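Please look over the sequence and the structure shown here before reading on.

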Amino acid sequence: MNQVPGTVLTLTPNPALDETYAVPALIPGSTHRVQPPLARAGGKGINAARVAHQLGYRALAVAPSGGPAGKIFRAELASSGLPHVLVDTAAPTRRSMAFVDEGSGLTSIFNETGFPLSPGEGEHLLGAVEAELPHAGCLVGAGSLPPQAPPDFFARLVRLGNASGLPCIIDTSGPALLEAAAAGAFLLKPNREELAEATRQAGVPAGAAALLRAGARNVLVSAGAEGMWLFTAEETGAFYTASLGRSLPGNPTGAGDAAVAAVAVQLAAGNVNPATWLRAATAWSAAAVLMPAAGEISPRYASFADEVQVHRVTRGAALTQEENA
């Protein structure tokens with residue numbers, strides 16, 4: 001068991017029952033006969049907690065659960081051994097379906113949007129997190145918000161973390177990402193498309209700079225096989241890039257969640273070196289692609305960490321980076 005000062009505490013306000021189907025070949029417009037899916041409790045925060053727990057780190061996942069899918073969600077979490085706190089809701093848990101084309105190695109994903117939580121249910125979720133803060137070493141808020149949820153929901157989580165002296169990672173999109181930046185999130189983790197959509201900036205460096213100006217302290221941007229970018233408020237004259245240097249076939253569904261888990265366990269252990277966060281995030285993300293379902297990573301994450309190339313890019317060179325982003 002890896003020893004860390006505190007628990008990686010995750011909140012997933014709009015979780016899903018993830019169902020993963022494998023087909024020899026996915027042919028649009030055709031009928032496919034498939035084996036029963038791999039069904040498991042999912043959502044970005046759940047997946048990040050699973051990865052940390054798989055590798056022996058202390059993790060606790062907080063999420064809502066309701067309806068028929070919620071019963072399966074709850075039972076699967078109980079059987080998985082992942083420590084968790086579930087808040088009962090009238091809103092049913094949504095479903096997410098992934099279809100893995102074994103021939104091409106590509107995955108098609110269909111995500112339900114979910115159902116609104118009542119204001120009281122949202123307060124119960126934040127209250128469940130607040131009760132666990134004394135044991136936490138890092139706080140993570142991840143995934144989409146339920147329909148009709150206030151865009152400052154994750155910002156409130158950030159303020160809870162800041163008041164407790166805990167680093168808070170937010171992995172979301174849209175207005176909620178901007179609200180979390182304004183609240184002073186320790187680290188935001190959008191992918192490149194989410195960054196451009198939220199900030200309306202062309203290029204990764206410009207988009208990340210907008211989030212830093214808004215109040216975020218660090219911004220980690222994922223770009224698939226191209227790797228990751230890390231920007232920090234403490235080093236405005238440069239940023240970091242990292243990549244494995246090659247693409248991997250597999251299921252990328254949980255790659256970003258594994259990256260969040262990597263940074264969270266580094267922060268919970270008191271590691272303040274951004275380049276180390278970035279190397280671990282890139283390696284864990286790559287290792288997640290090799291697994292059939294989100295929430296787990298291949299043992300090859302350790303060897304991938306040795307392969308990852310981390311570069312520090314000065315702002316003078318950033319103009320070229322931004323044009324090509």
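This is a predicted model: local features need pLDDT of at least 70, side-chain atom pairs count only at pLDDT 80 or more; totals for chains, interfaces and linings use all residues.

Residues are numbered from 1 along each chain as its sequence is written, and side-chain values use heavy atoms, with hydrogens and water left out.

The largest nonpolar core has 53 residues. Such a core is a set of buried Ala, Val, Leu, Ile, Met, Phe, Trp, Tyr and Cys residues joined through side-chain atoms within 4.5 Å; buried means under 20% relative accessible area, exposed over 50%, and partly exposed in between, with a 1.4 Å probe and protein chains only. Helix 8 (255–268) and helix 9 (274–289) are among the elements that each supply at least two residues of this core. Helices (H or I, at least four residues) and strands (E, at least two) are DSSP runs, numbered from the N terminus. Helix 8 gives the most, with 11 residues. Val 263 is one of the residues with the most contacts inside the core. Beyond its neighbours within four places in sequence, Val 263 is in contact (heavy atoms within 4.5 Å) with Ile 169, Leu 187, Leu 220, Trp 277 and Ala 281. A second, separate core of 43 residues includes Ala 155, Cys 168, Trp 229 and Val 313.

Helix 7 (residues 204–214) is largely enclosed by the rest of the structure, because 9 of its 11 residues are buried. Those buried residues include Val 204, Pro 205 and Leu 212. Just after helix 7, Gly 215 takes a positive phi of about 135°.

Arg 74, in helix 2 (residues 67–80), counts as partly exposed at 32% relative accessibility. Not counting residues up to four places away in sequence, Arg 74 touches Ser 65, Leu 86 and Asp 88.

The whole structure holds 9 aromatic pairs. Rings of Phe, Tyr and Trp (its six-membered ring) pair if their centres lie within 6.5 Å; planes under 30 degrees apart count as stacked, over 60 as edge-to-face and the rest as tilted. Tyr 21 and Phe 99 form a stacked pair, 5.0 Å centre to centre with 10° between the planes. Tyr 21 lies in strand 2 (residues 16–23) and Phe 99 in strand 6 (residues 94–101), so the pair ties together parts that are 78 residues apart in sequence. Tyr 21 counts as buried at 16% relative accessibility, whereas Phe 99 is partly exposed at 21%. Ring pairs link Tyr 21, Phe 99 and Phe 110 into a cluster.
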